[in-house]
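Kindly keep the structure in view while reading.

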Amino acid sequence: MPTNILMPALSPTMEKGNLAKWLKKEGDTIKSGDIIAEIETDKATMEVEAVDEGILAKIVVPEGTADVAVNEVIGVIAGEGEDAKSVSAPSAAPAKSEPAPKADGKAGEPAPAPAAAPAPAATPAPAAQAAAPASGNRPFASPLARRLAKDAGIDLGKVQGSGPHGRIVEKDIEAAKQGGAAKAAPAPTAGAPAAPKPAAAPLATGPSDEQTKKLFAPGSYEEIPHDGMRKTIARRLTEAKQTIPHFYVTLDCELDALLKLRAELNAAAPEKDGKPAYKLSVNDMVIKALALALRAVPDANVSWTDGAMLKHKHADVGVAVSIPGGLITPIVRDACHKTLSQISNEMKDYAARAKARKLKPEEYQGGTTAVSNLGMFGVKDFAAVINPPHATILAVGAGEQRAVVKGGQLAVATVMSVTLSTDHRAVDGALGAELLQAFKGYIEKPMAMLV
């Protein structure tokens, strides 16, 4: 029978995306592993692989279509022995939006509506390899894993995922078969009432569009519609400030020893293809110092959940990178165990690919903390907004020469102010101060970062 290709979820939180381009046309032969389409989210453009074989019989959603819901049917594959011309598109496919205009060939993923995530379409197994969204109690699993689990009668809720972000993949189902995983529970009796779910408290809303426009004279402004990235940033930051009790701790760090060491390390960099193998920045050393501080104060390397505190075994530091239309936070994984040159080269690669929107979701999702550095703009100090699931974020100001007192004598030192924002549910004031003191120790005695 025909197999529907569903709009894939490219991350656990994705609910909609833009079908940017079809790489196969109707009538083409599809093999497992073929790249069949490109999907744009708010932060990246991703390729979609086929996991089934056959003929691409129908393209249901044309390329350039925006706001395509996860699990919506976007195409149909005819199986072996089927007449591709006789395969019809599904009659109950959800309505699709008009193609959204693109700036510089890019389009962003619109911010998901606050309503519940769309229910999966009642169709055969999907033909695109991607994760299903983790909404409600729905396990986070690849389409292939779902199909194998269904065929084997395995309850996905009892399977531990080993893929990115805990996604259940094919090998997890195979392991479950051998280990005798629990079979899926029988469906509830028809007519049995479902247990009610507690309603989430509504988020506060500001004035309406019309109320705001009335405050300005007609013709005195230009309306620039929000793109998907800006909508997503606005939604996430609003949720962060309304659901996370922020607490702020600020201190000053002297940079003279760090700047001296940085200059020496850059001068000693070996050449590769006629260029230095690395060029360290102050930000590279800040990333390393924060990671080491989290290792020294492990109680601060946590994430809050309602049921438990997640105490992380690695310090994965996200770094805010400005890109056209917004920002993205690629993550330096296990930064405390990487050399400064590794961190530096990794960040240069991330920054370049971020601007081209070529980062993979696993490169900017997750992490245990983050750094936001506005020092290069001359900003002295500021407070950053926490990016869940992090419990902390470090705002870094500019290094500047200031008068300081040393041994009762007035002196001049290069000083940098940093402010740590903490989720007070997970990292209280004393613990945040302890983390900052550890960070300050590495900044002011930077040789400790080399051993």
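1. Glu239 and Arg235 form a salt bridge, with their closest N and O atoms 3.8 Å apart. The term salt bridge is used here for a side-chain nitrogen of Lys or Arg within 4 Å of a carboxyl oxygen of Asp or Glu. Both residues belong to helix 4, where they are four residues apart, about one turn of the helix. Helices (H or I, at least four residues) and strands (E, at least two) are DSSP runs, numbered from the N terminus. Glu239 counts as partly exposed because its relative accessible area is 30%, and Arg235 is likewise partly exposed, at 25%. In these terms, buried means under 20% relative accessible area, exposed means over 50%, and partly exposed lies in between (1.4 Å probe, protein chains only).

2. A word on the basis of this note: the model is predicted, so local features need pLDDT of at least 70 and side-chain atom pairs count only at pLDDT 80 or more, while totals for chains, interfaces and linings use all residues. Residues are numbered from 1 along each chain as its sequence is written, and side-chain values use heavy atoms, with hydrogens and water left out.

3. How many salt bridges does the rule give? The count comes to 17. One of them joins the side chains of Asp299 and Lys311, at 2.8 Å from N to O. This pair links distant parts of the chain, 12 residues apart: Asp299 is in the loop between helix 6 (282-296) and strand 13 (302-304), whereas Lys311 is in strand 14 (residues 309-311). Asp299 has 43% relative accessibility and therefore counts as partly exposed.

4. Helix 9 (residues 429-444) holds both Lys440 and Glu444, which are four residues apart, about one turn of the helix. Their side chains meet in a salt bridge of 3.0 Å, N to O. Lys440 is partly exposed because its relative accessibility is 21%; Glu444 is also partly exposed, with 27%. Elsewhere, salt bridges link Glu210, Lys213 and Glu223 in a network.

5. Which residues make the nonpolar surface patch? Leu215, Phe216 and Tyr221 do, and the patch covers about 350 Å². Patches are made of residues with over 30% relative accessible area and no salt bridge; like charges are joined within 9 Å, and nonpolar side chains (Val, Leu, Ile, Met, Phe, Trp, Tyr) within 5 Å. The accessible areas come from the Shrake-Rupley method with a 1.4 Å probe, and for residues only the protein chains shown count as cover. Tyr221 is placed in the loop between helix 3 (209-213) and helix 4 (228-243).

6. A search of the whole structure finds one aromatic pair. Phe216 and Tyr221 form this edge-to-face pair, at 6.4 Å centre to centre and with 75° between the planes. Rings of Phe, Tyr and Trp (its six-membered ring) pair if their centres lie within 6.5 Å; planes under 30 degrees apart count as stacked, over 60 as edge-to-face, and the rest as tilted. Phe216 is partly exposed because its relative accessible area is 48%, and Tyr221, at 36%, is partly exposed as well.

7. Four strands form an open sheet in the order 1-8-6-3, with antiparallel pairing. Strand 1 (3-6) and strand 3 (29-30) stand at the edges, each with a single partner strand, so one side of each has no neighbour in the sheet. Two strands pair if DSSP finds at least two bridges between them. Strand 1 is joined to strand 8 (residues 73-78) by four bridges, and Ile5 stands opposite Gly75 in strand 8.

8. Is the run of strand 19 (residues 369-373) and strand 20 (residues 392-406) parallel or antiparallel? These strands run parallel and are joined by three bridges. Strand 20 and strand 21 (residues 409-423) run antiparallel, with 13 bridges between them. Val396 in strand 20 is the bridge partner of Asn373, and the partner of Val396 in strand 21 is Val418. In the hairpin of strand 20 and strand 21, with two residues between the strands, Gly407 takes a positive phi near 60°.
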